[in-house]
Amino acid sequence: MHLVNHSMGLFDIHWQNAARKWLLAPWNTPVGQMLMLVAVLTHLVNAIWVLARRNMLGIAGWEWRQIVSGLLIPLMLVQHVLATDVLVDRFAVDHDYYSIQLIYWYLAPDKGLWQAVTLLLVWYHGCLGIHYWLRVNRWYQGQQSYWLGVAVFIPVLALAGFIASGRQLVRMLDETLIATIKAKANLTGDYFSAVENYTSYAWIVYAFILLLPLIVRGLNYFWLRQQTVGQLCLANGQNIRLFRNTSLLDTFRQHGIPHAAICGGRGRCTTCRVLITAGEAALAPPNAVEKQALDKISAPAHTRLACQLYPTGTISVQPLLSPDVRASASKRPGGLDGHEREVAILFLDLRDSTRLGEQRLPYDVLFILNQFFAEMTAALHETEGHYAQFAGDGLMALYGLTEEKHMRICRQALKGVALMQEKLKRLNGVLSSELLAPLSCGIGLHFGRVIVGTMGPPAAQIISAIGDDVNIAARLEQQSKVAGYPIIISSAFLSILEIDTHEWASYTMQLKGKTQEITFYGFYEIPESWLLGN
Ligand code: FES
């Protein structure tokens with residue numbers, strides 16, 4: 001609000017001043033003042049806590065920027081707060097944009113520059129905090145560049161407004177106007193001296209406050225750190241002493257062991273997760289923050305967050321994510337710690353793609369394929385399917401990564417297939433002039449137990465699945481060419497939906513190296529009655 005108010009100076013200082021009453025009104029109420037005080041104190045206590053407890057070497061670069069900018073803010077802002085809030089009642093000062101701009105642009109221009117830098121610092125600190133708070137969220141990861149634009153646009157406008165209204169006032173100034181503004185705001189020598197003196201006192205007090213973390217660190221070193229609680233045994237055979245009141249993440253950092261921690265140890269990203277392979281009985285159960293984070297990713301048993309875990313005995317652990325993991329890996333269901341899950345597996349293959357390549361220019365083929373996959377993945381998203389693998393002219397998808405009810409999983413998968421067919425029909429209409437023959441595809445659908453986890457090369461990992469049932473689904477899709485149906489569904493899948501299959505001709509196939517036969521059915525389209533219900 002304050003920055004929006006500043007930006008109005010681009011139009012006119014009179015407008016800027018008139019809007020001030022409305023834009024700052026919420027912050028001048030007792031609730032607004034209380035909120036600001038709580039925010040300031042929370043930030044200060046949090047910063048002192050981090051500096052007192054955390055291992056300095058383990059604090060990431062972005063956290064340092066956040067801490068240092070945060071610690072500088074009280075130092076830079078205190079004079080403005082004293083001058084415009086704390087001391088105004090005592091000296092009966094009544095500020096408005098004219099009096100403030102008179103000080104910053106005429107009486108003490110150095111303070112104007114100081115204030116402009118402070119504005120940028122406060123904004124930078126706020127944006128940094130919000131960015132690192134939100135970056136583990138999927139919706140934000142896709143919109144970061146827009147928000148960066150907003151983050152730059154607002155302070156630039158505010159500074160431009162500050163400069164424009166300051167220059168406007170300077171152009172208007174003469175002895176009479178200066179005297180009028182000073183008299184109206186009651187800007188006296190005593191007031192200015194008090195602001196200077198109290199600013200110096202505040203800086204001294206603040207310096208003592210900043211000493212607190214050092215004192216706490218000293219106490220921590222001489223007392224708490226002396227108490228060894230056990231050993232940390234790593235998979236590479238390394239054994240490390242564990243100290244009381246030291247998180248597992250800090251233990252890693254103190255020993256220079258790289259470990260993923262995208263949210264900086266706030267229990268929000270789950271990238272610091274480890275598997276406890278021994279000694280779990282001696283650990284305290286997860287706290288509320290850890291439990292909530294682990295529940296969100298359906299973490300398998302024996303998984304703990306290194307940043308929230310304060311070992312109280314000897315343990316063996318195995319990190320589950322690579323230390324250079326990205327923010328997008330957080331909150332994923334599964335993760336590298338793959339786990340078994342019952343899902344619907346869909347394989348889709350574009351028919352005659354080789355012929356398409358022979359008939360069209362490579363760029364045309366690329367265009368058509370991209371259109372095709374855009375439509376198919378849109379159908380997946382609209383029906384809660386998860387794209388899990390891409391292979392030239394086909395893809396694999398999973399249904400049920402976040403859903404437990406088997407019937408609903410299969411129903412959604414059927415809806416996905418129906419929607420794919422519908423979208424393909426529409427695409428064929430749009431591309432009719434480009435195609436010698438309509439595009440067609442084969443689909444295999446199966447339900448079974450698979451291992452779900454993050455797979456692929458480090459820079460391009462996706463959640464996918466492996467297991468016999470994945471192979472069965474792939475084979476079913478291949479059967480669609482042999483059986484002459486575009487859709488092949490296994491009996492295992494249809495039995496989940498309790499569909500009576502007597503009226504349909506059944507087929508069987510045998511998997512390589514397996515004795516058991518797989519029964520499946522072929523369809524030209526999904527019967528509408530199967531799509532009803534959840
Ligand atoms: S570092 Fe993010 S949850 Fe532990």
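**The chain and some of its contacts**

Modeller: Of the 534 residues of the protein chain, 45% count as buried, where buried means under 20% relative accessible area with a 1.4 Å probe, protein chains only. Keep in mind that this is a predicted model, where local features need pLDDT of at least 70 and side-chain atom pairs count only at pLDDT 80 or more, while totals for chains, interfaces and linings use all residues. Residues are numbered from 1 along each chain as its sequence is written, and side-chain values use heavy atoms, with hydrogens and water left out.

Biologist: What is the radius of gyration of the protein chain?

Modeller: The chain has 18 helices and 13 strands, counted as DSSP runs (helices H or I, at least four residues; strands E, at least two) and numbered from the N terminus. For 534 residues the globule rule gives 24 Å; that rule is 2.2 Å times the number of residues to the power 0.38, and the radius is taken over C-alpha atoms. The chain is well over that, so it is more spread out than a compact globule, with a radius of gyration of 32 Å.

Biologist: Which strands stand at the edges of the open sheet of five strands?

Modeller: The order is S2-S1-S5-S3-S4, with mixed pairing; two strands pair if DSSP finds at least two bridges between them. An edge strand has a single partner strand, so one side of it is left without a neighbour in the sheet, and that goes for S2 (239–243) and S4 (303–305).

Biologist: Which residue in S5 does Ile 276 stand opposite?

Modeller: Four bridges join S3 (residues 273–278) to S5 (residues 315–319), and the two run antiparallel. The residue opposite Ile 276 is Val 317.

Biologist: Is Ser 247 buried or exposed?

Modeller: Ser 247 lies in the loop between S2 and helix H12 (248–254). Leaving out residues up to four places away in sequence, Ser 247 touches Ala 306, Cys 307, Leu 309, Tyr 310 and Pro 311, with contact meaning heavy atoms within 4.5 Å. Its relative accessible area is 4%, so Ser 247 is buried.

Biologist: How are H2 and H9 oriented to each other?

Modeller: The axes of H2 (residues 13–23) and H9 (residues 144–172) come within 9 Å and cross at roughly 120°; axes are lines fitted to C-alpha atoms over the stretch in contact, and angles run from 0 to 180 degrees between N-to-C directions. Under 35 degrees counts as roughly parallel, over 145 as roughly antiparallel, 65 to 115 as roughly perpendicular and the rest as oblique. H2 and H9 are therefore oblique.

Definitions and conventions. Buried < 20%, exposed > 50% of the residue type's maximum accessible area, 1.4 Å probe, protein only.
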